[in-house]
Protein chains: 4
Amino acid sequence: MTDYLTALDEDALTAAGVPGWPYGYGDKVRFYELDKLDHVNNVTFLKWFETIRVTYVQDYGLTEYSGTDADPQLVVRALSADFLLPMFQNESYIVTAKTTLLKTSSLIMHYAIHAGGTLRATGDCVVVSLEADGKTRRPHKSEAVARILERDRPERVGL
Amino acid sequence: MTDYLTALDEDALTAAGVPGWPYGYGDKVRFYELDKLDHVNNVTFLKWFETIRVTYVQDYGLTEYSGTDADPQLVVRALSADFLLPMFQNESYIVTAKTTLLKTSSLIMHYAIHAGGTLRATGDCVVVSLEADGKTRRPHKSEAVARILERDRPERVGL
Amino acid sequence: MTDYLTALDEDALTAAGVPGWPYGYGDKVRFYELDKLDHVNNVTFLKWFETIRVTYVQDYGLTEYSGTDADPQLVVRALSADFLLPMFQNESYIVTAKTTLLKTSSLIMHYAIHAGGTLRATGDCVVVSLEADGKTRRPHKSEAVARILERDRPERVGL
Amino acid sequence: MTDYLTALDEDALTAAGVPGWPYGYGDKVRFYELDKLDHVNNVTFLKWFETIRVTYVQDYGLTEYSGTDADPQLVVRALSADFLLPMFQNESYIVTAKTTLLKTSSLIMHYAIHAGGTLRATGDCVVVSLEADGKTRRPHKSEAVARILERDRPERVGL
């Protein structure tokens with residue numbers, strides 16, 4: 001059975017021609033991701049970055065989205081994307097993600113879209129970890145920190 | 001490499017616990033498909049039906065979306081969906097599709113969403129095949145008709 | 001200041017050339033509502049029906065989406081749409097809605113999209129009112145029932 | 001009749017409490033723009049920036065999206081957004097846009113979302129003007145340049 005959101009680790013990504021990334025998944029462009037200009041809409045790339053961010057924070061243990069006090073609120077403070085080459089209907093691609101900077105209660109993630117041997121888009125995201133009040137900073141869970149440091153080898157500040 | 005939109009045939013679907021369907025694919029609920037009620041939004045199911053319809057019409061040879069005279073315009077005249085059970089974040093599911101009624105220049109497709117051993121939603125769609133003028137009926141390609149008759153065993157009218 | 005979701009009542013709709021409807025709003029096709037076929041995507045119409053349904057149920061008093069026991073859970077059981085004529089970039093349109101059948105704890109709504117003097121699409125939706133358990137039927141609030149009967153003049157069953 | 005995408009000019013925006021912007025429109029949060037965290041999804045803000053960008057480039061005369069040689073291809077090279085405060089169901093807001101840097105065949109736009117007297121999000125976008133080949137730079141139309149210089153008063157490079 002295909003299961004598109006199975007996380008790919010560094011070895012699987014290297015085998016797929018995308019070395020240097022700790023986390024990714026493969027997918028294929030759908031009709032509803034195209035716009036009237038007949039290529040993948042710019043905002044769709046941001047949705048792909050969101051999709052991998054949401055699985056990443058669960059897989060690395062930053063949150064289980066329980067909505068209880070067991071989990072922080074992870075808030076996106078900023079997003080950016082660079083569009084390098086267009087993408088078209090039915091193209092297969094790999095989305096990759098890694099934390100590039102880790103602080104006590106925030107982090108910066110970097111994303112890339114790879115297809116047909118070329119880099120199509122990259123992006124960055126600033127994520128802040130908050131208490132349920134939506135204001136007070138809450139440190140990341142220690143298991144998640146350990147996993148990120150080991151797998152992603154980010155710059156660290158205050159850790 | 002995962003490749004979510006790989007079409008699944010009748011044998012693969014039967015093996016996956018979904019017998020009686022000629023065509024399907026497996027996927028997983030994404031964050032952006034949930035709405036504020038914390039389950040998959042109703043309209044998302046219609047997007048899944050669209051996604052499988054678009055790959056189906058290509059895989060069965062009804063159109064290649066060339067935008068040239070080599071292909072008909074396939075126009076959706078009507079859509080419907082029944083929502084049987086809610087779906088939640090990260091659930092894996094299988095979408096299946098088949099043509100249930102085939103006419104010379106139109107067809108009716110039936111869809112279903114299967115997850116965790118239960119049927120979550122079903123749907124139907126009326127598709128009409130037109131010339132580039134968007135008005136004149138254009139008969140389906142004969143290879144596509146043969147493939148649909150063989151694989152989907154629909155009711156037939158005028159064929 | 002423009003304020004697109006201001007509900008239009010029967011008089012305002014009649015003045016706008018759409019008589020016979022108790023509730024509607026005016027809007028304009030956005031770029032992201034078009035698909036690669038260069039017209040409004042079919043699923044977009046269902047989103048418009050959802051948008052007016054959500055404001056309708058609040059304006060008529062069926063729910064305030066409080067998420068508390070003060071409000072029922074309104075669940076969509078079925079949706080359908082008929083696509084009559086295509087719509088294009090920048091077109092202005094009016095969405096209208098009315099309840100056509102009212103039962104103690106459910107209702108059927110009918111929708112239409114009007115643009116440039118023609119009817120572009122229609123739709124229907126079955127909505128069920130439930131308790132917080134998501135299973136037990138919960139009667140509509142009596143003020144909402146009174147408002148629907150007076151404004152929409154639906155068929156009634158068990159009321 | 002409400003008509004949400006009516007462009008608001010500097011006077012109308014100032015009257016609405018948003019001075020210092022040459023171009024904007026008013027709108028209201030829709031149900032489908034919320035995510036399971038019960039606020040407006042981050043990517044939705046990027047859709048609002050896209051919506052105003054598409055009307056801006058038409059209103060200022062940069063393109064009519066004719067798909068012919070009469071119009072350039074306007075390609076988004078980069079996008080960014082900062083999320084300052086969350087937004088909720090039914091909130092009314094104003095989106096504003098202006099060109100902050102104008103070059104012969106490219107420009108940078110700045111966006112902001114205003115609601116209830118506070119700034120909720122800002123964004124930036126790099127747009128490049130190309131010939132139909134999708135590669136060769138094509139200078140902006142001179143009427144559009146004149147309109148942008150007069151209304152938006154951007155920094156200019158090479159103009």
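Colleague: What average pLDDT does chain A have?

Modeller: Where pLDDT is low, the predicted coordinates should not be read in detail. For the model, the scores are ipTM 0.93 and pTM 0.95. In chain A, 96% of the residues score at least 70, and the average pLDDT is 93.

Colleague: How are helix α2 of chain B and helix α2 of chain C oriented, roughly parallel or roughly antiparallel?

Modeller: Two packed helices are described by the angle between their axes and the distance between the axes. Helix α2 of chain B and helix α2 of chain C, each covering residues 42-59, have axes 10 Å apart and pack at an angle of about 175 degrees. Since angles over 145 degrees count as such, α2(B) is to α2(C) roughly antiparallel.

Colleague: Which residues of α2(C) meet α2(B)?

Modeller: The residues of this contact divide into 4 nonpolar and 4 charged, with no polar ones. From α2(B) come B:V43, B:L46, B:K47 and B:E50, and they meet, in α2(C), C:V43, C:L46, C:K47 and C:E50.

Colleague: What is the phi of B:N90?

Modeller: Most residues other than glycine have a negative phi. B:N90 lies in the loop between β2 (73-83) and β3 (92-103) of chain B, and B:N90 is partly exposed, with 15 other C-beta atoms within 10 Å. Although B:N90 is not a glycine, its phi is positive, at about 70 degrees.

Colleague: Where in chain C is C:Y65 found?

Modeller: C:Y65 is a residue other than glycine with a positive phi, near 50 degrees. It has 18 other C-beta atoms within 10 Å and is therefore partly exposed. Its place in chain C is the loop between α2 and β2 (73-83).

Colleague: Does C:D11 count as buried or exposed?

Modeller: C:D11 is placed in helix α1 (residues 10-15) of chain C. Because it has 9 C-beta neighbours inside 10 Å, and 12 or fewer is the cut-off, C:D11 counts as exposed.

Conventions: Residues numbered from 1 in each chain as written. Chains lettered and ligands numbered in written order. Predicted model: local features only at pLDDT ≥ 70, side-chain atom pairs only at ≥ 80, totals over all residues. Helix = DSSP H or I, 4+ residues; strand = E, 2+ residues; numbered from the N terminus. Buried ≥ 20, exposed ≤ 12 C-beta atoms within 10 Å, placed from the backbone. Axes fitted to C-alpha atoms, helices over the stretch in contact; angles between N-to-C directions. Parallel < 35°, antiparallel > 145°, perpendicular 65-115°, else oblique. Contact = placed C-beta atoms within 7 Å. Nonpolar A, V, L, I, M, F, W, Y, C, P; charged D, E, K, R; others polar. pLDDT = per-residue confidence, 0-100.
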